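Work through the exercises below with the sequence and the coordinates open. Each task is followed by a stepwise solution.

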Amino acid sequence: MKKIFILILITLSILYACDKGEIPIDLIEPETIISQISLESDYKNEVFYKLKNSSVMNENLKTDWDICFNNGSDGFHIMLNSSTFSKITLLQNENFENVTSIDDSTIWKWDNPNGLLESTAVGDYRNTNNIYILDRGYDISNVFQGYKKFIVDSVTTTHYIITYANLNNSETITKKIMKNSNTNNIRYSFNTNSICNNQPNKENWD
């Protein structure tokens, strides 16, 4: 079982230079807290942690979701679940139903690990006819999860609407995904065709 250690240094006072005549302040040693968090074998768990009370607020399998949507009222960015080695390719000005395969010339993209919204593989799809094919990567047992193609029909201050399907056009679904200001992102699973409510309130974890 793999474990991760977090070392937290809390500086309770700061020693600073004093003018002549001032009473010097004794340095108080910082408090050190060591907390052990289990991520299980193969780092299969995602853990939400609160530093203030050294507590795990929630945890879930990293494969519980496929893509996530920015929750800001002006947000439109879509992020991939990089922990499953997922990647994405873009087609422009194609008919959704006619996109049924990929080939060796396909150019794949990944989210930049810097975490910046401007570095996402999906990019800015607004006012375009972009069709995306998502390689869903691998599950906990290292089994390939297949492909999904999707388009973003619309994004507003309150919701996203997406249409997605398998490459052979089976299981075509149009879904309205409501934004929620309590979390940073909305995680969505193509296995369950639903939002994954596994994130604590954004104010409750670090």
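**Exercise 1.** Which element gives the largest share of the lining of the largest pocket?

Solution. The model is predicted, with local features needing pLDDT of at least 70 and side-chain atom pairs pLDDT 80 or more, while totals for chains, interfaces and linings use all residues. Residues are numbered from 1 along each chain as its sequence is written, and side-chain values use heavy atoms, without hydrogens and water.

Step 1. On a 1 Å grid over the protein atoms alone, a pocket is an open set of points where a 1.4 Å probe fits, with protein on both sides within 12 Å along at least five of seven lines; lining residues have an atom within 4 Å of a point.

Step 2. The lining has 24 residues, and Trp-65, Cys-68, Met-79, Leu-80 and Asn-185 lie nearest the pocket centre. Two or more residues each come from β3 (45-50), β5 (67-70), β6 (78-80) and β12 (185-189); strands are DSSP runs (E, at least two residues), numbered from the N terminus.

Step 3. The largest share, three residues, comes from β3.

**Exercise 2.** State how β3 and β4 pair.

Solution. Step 1. Strands pair if DSSP finds at least two bridges between them. β3 and β4 (residues 55-61) are antiparallel, with six bridges.

Step 2. Opposite Ser-55 of β4 is Lys-50. Four residues separate the strands of this hairpin, in which Ser-54 has a positive phi near 50°.

**Exercise 3.** Is Ile-195 buried, partly exposed or exposed?

Solution. Step 1. Ile-195 lies in β13 (residues 194-196).

Step 2. Buried means under 20% relative accessible area, exposed over 50%, partly exposed in between (1.4 Å probe, protein chains only). Ile-195 has 33% relative accessibility, so this residue counts as partly exposed.
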